[in-house]
Amino acid sequence: MSANVLRNIKENRMKAAKVLLSVLIVVVMTVTVLACIGYRAEDASASSGKYWLKVNRLANVVTAYKYKDGKYVPYRAMLCSSGGPNTPKGTFHTLKKYRWKVLMGPVYGQYNTRIYKHYLFHSVWYFNNHNKATCTTQEYNLLGHSRSHGCVRLSVMDAKWIYENCKLGTKVTVYESRNPGPLGKPKGFKIYGGMAWDPTDPDPDNPDFRLRKPVITISKKKAKSIEYGKTYHKLRGVRAKDVNAYQDLTDWVKVSKVRKRVDGKWVKAKFSTKSVGKYKITYSCHYKYCRGTAKKSFIVRVKDSSKPVLKTSGDRTVRFGAKNALYKVTARVKSGSRTKAIKTRIYSPSGKVLDKSYSRAKAFEFKRQGTYKIRYKVRSVSKPYKYTTETIRVKCWRDARINVDKKNIHIYDTDTVAKAITKIRNKTRITDKKDIVYYATKAIITLDKKASFEVGSSITATLKWDGANGKRVVKKVTFTIEASTPPAPDDTGGDSGNGVQP
């Protein structure tokens with residue numbers, strides 16, 4: 001290949017490289033310029049940010065839409081004064097912000113946000129720069145009408161809201177319709193004199209600050225009672241609204257105080273469905289673009305409608321004079337014990353019917369022998385028609401008595417232990433169960449282990465009887481060993497006395 005051809009190829013490559021470098025420089029500069037002026041692609045939702053401002057230049061209302069759950073929803077309505085046909089229709093993206101700015105006149109505006117070229121969102125204009133007491137009353141009172149040269153005038157609070165909440169690049173659409181928008185057209189304030197403070201300016205020095213507080217509403221369908229242990233959503237059904245801008249402030253509602261009714265007074269408490277009672281929940285809503293804090297209270301009752309579970313000791317026997325008709329009797333519901341709420345009805349062996357409260361039933365004394373019928377009844381905490389009953393029978397007996405006919409018992413030196421016990425058993429009677437007399441057939445009788453059957457010595461017999469009331473009665477009797485004699489006919493035989501064979 002000749003030297004001329006090689007030189008031409010090299011020159012062509014250098015020219016191509018220069019062209020490519022020039023194109024890259026132009027592209028970089030274009031992107032940089034677009035970024036500096038705040039340009040965003042109109043069809044990209046991310047570029048529009050959190051809000052989308054729609055300006056109805058005919059109805060003179062700005063509606064802010066908020067991006068939520070994949071779509072923009074109406075969020076805030078603001079009264080404005082557009083320039084009518086002087087405000088260009090179309091979709092734009094905000095470019096720059098100015099806290100105070102000189103306007104055509106020259107006059108001055110607060111909270112300025114550039115929409116497109118020289119078109120801005122800004123407050124109603126002021127005669128003097130940085131002097132908030134010089135707002136033009138004539139133009140302020142005409143908010144809601146087309147009055148500007150093309151900018152979109154707003155109250156200070158609305159201009160401030162856009163300035164502080166809508167980032168640069170926020171999408172702005174200017175259109176016209178007789179329908180003011182989905183939230184409606186807010187009402188404005190009137191001011192008097194040639195110039196004055198904007199009544200929506202939140203400056204602490206403002207002598208005429210008139211914005212209204214948020215309004216909290218509670219749904220009529222919100223549950224006023226909840227069952228013990230269930231989940232209760234305290235904020236469900238509670239909403240708030242900025243009545244100045246028809247803005248939903250539900251996200252700003254919080255529970256600020258909870259009190260519970262105790263002994264006739266409201267006391268500070270923590271809300272819990274695991275604690276039965278009446279609660280007063282106070283909701284509050286504070287939004288810096290309104291005035292002050294709104295509060296509203298709601299009363300909800302945590303109730304326990306469960307049917308009580310009543311447990312008893314079952315039928316039993318007690319000693320004469322025993323106390324407590326509620327022995328081992330308990331009642332429970334889901335929220336806890338209901339034992340102290342038990343009502344007791346006692347049917348005495350004498351035929352009397354006695355109604356006792358919890359304390360009196362515990363102190364009740366069984367003073368009559370026989371069978372008592374006791375009926376327990378306990379009601380639900382919240383629904384008195386729900387109740388549980390149980391009935392038991394209690395037998396009441398005095399302690400048994402062991403009667404030994406010692407005078408007619410003779411223990412001889414020739415007797416064995418078994419014979420001596422038989423003699424004692426045959427001369428013993430047991431009085432039990434309301435003075436019924438029993439033979440001592442089932443009595444337990446023992447003699448001293450070291451008993452000696454020598455004439456003149458003493459032996460002690462121990463007699464035991466398990467009474468009908470559960471009490472074991474014990475009696476000890478001492479006998480003197482006598483010398484052997486011809487046995488008497490009844491020494492070991494039966495007794496002519498009356499008795500019942502148990």
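**Close-up views of salt bridges, a cavity and a pocket**

**View 1. Arg153 and Glu139 meet through their side chains in a salt bridge, with 2.7 Å from N to O.** The pair links distant parts of the chain, 14 residues apart: Arg153 belongs to strand 9 (residues 152-154) and Glu139 to helix 3 (residues 137-140). Here a salt bridge is a side-chain nitrogen of Lys or Arg within 4 Å of a carboxyl oxygen of Asp or Glu. Helices (H or I, at least four residues) and strands (E, at least two) are DSSP runs, numbered from the N terminus. Arg153 is buried at a relative accessible area of 6%, and Glu139 is likewise buried, at 9%. Buried denotes under 20% relative accessible area, exposed over 50%, and partly exposed the range in between (1.4 Å probe, protein chains only). The model is predicted: local features need pLDDT of at least 70 and side-chain atom pairs count only at pLDDT 80 or more, whereas totals for chains, interfaces and linings use all residues. Residues are numbered from 1 along each chain as its sequence is written, and side-chain values use heavy atoms, with hydrogens and water left out.

**View 2. A salt bridge joins the side chains of Lys288 and Glu164 at 3.3 Å, N to O.** Lys288 lies in the loop between strand 18 (277-286) and strand 19 (293-303), and Glu164 in helix 4 (residues 156-165), so the contact ties together parts that are 124 residues apart in sequence. Glu164 is partly exposed, with a relative accessibility of 34%.

**View 3. The side chains of Asp355 and Arg345 form a salt bridge of 2.6 Å, N to O.** Asp355 is in strand 25 (residues 353-356) and Arg345 in strand 24 (residues 343-347), so the pair ties together parts 10 residues apart in sequence. Asp355 is exposed at 53% relative accessibility, while Arg345, at 32%, is partly exposed.

**View 4. The largest cavity holds about 170 Å³ of space.** A search of the whole structure finds four cavities of 30 Å³ or more. On a 1 Å grid over the protein atoms alone, a cavity is a set of points where a 1.4 Å probe fits but cannot get out, and a pocket is an open set with protein on both sides within 12 Å along at least five of seven lines; lining residues have an atom within 4 Å of a point. Grid points are joined across faces, edges and corners, and a volume is the space filled by probe spheres set on the points. Of the 19 residues lining the largest cavity, Ser155, Asp158, Lys187, Thr200 and Asn244 lie nearest its centre. Strand 3 (71-81) and helix 4 are the elements that give two or more residues to this lining, and strand 3 contributes the largest share, three residues. The lining comprises 10 nonpolar, four polar and five charged residues. Ala, Val, Leu, Ile, Met, Phe, Trp, Tyr, Cys and Pro count as nonpolar, Asp, Glu, Lys and Arg as charged, and the others, Gly among them, as polar.

View 5. At least two lining residues come from each of strand 5 (97-103), strand 6 (107-116) and strand 7 (119-123); strand 5 gives the most, with three. By class, the pocket lining has seven nonpolar, five polar and five charged residues.
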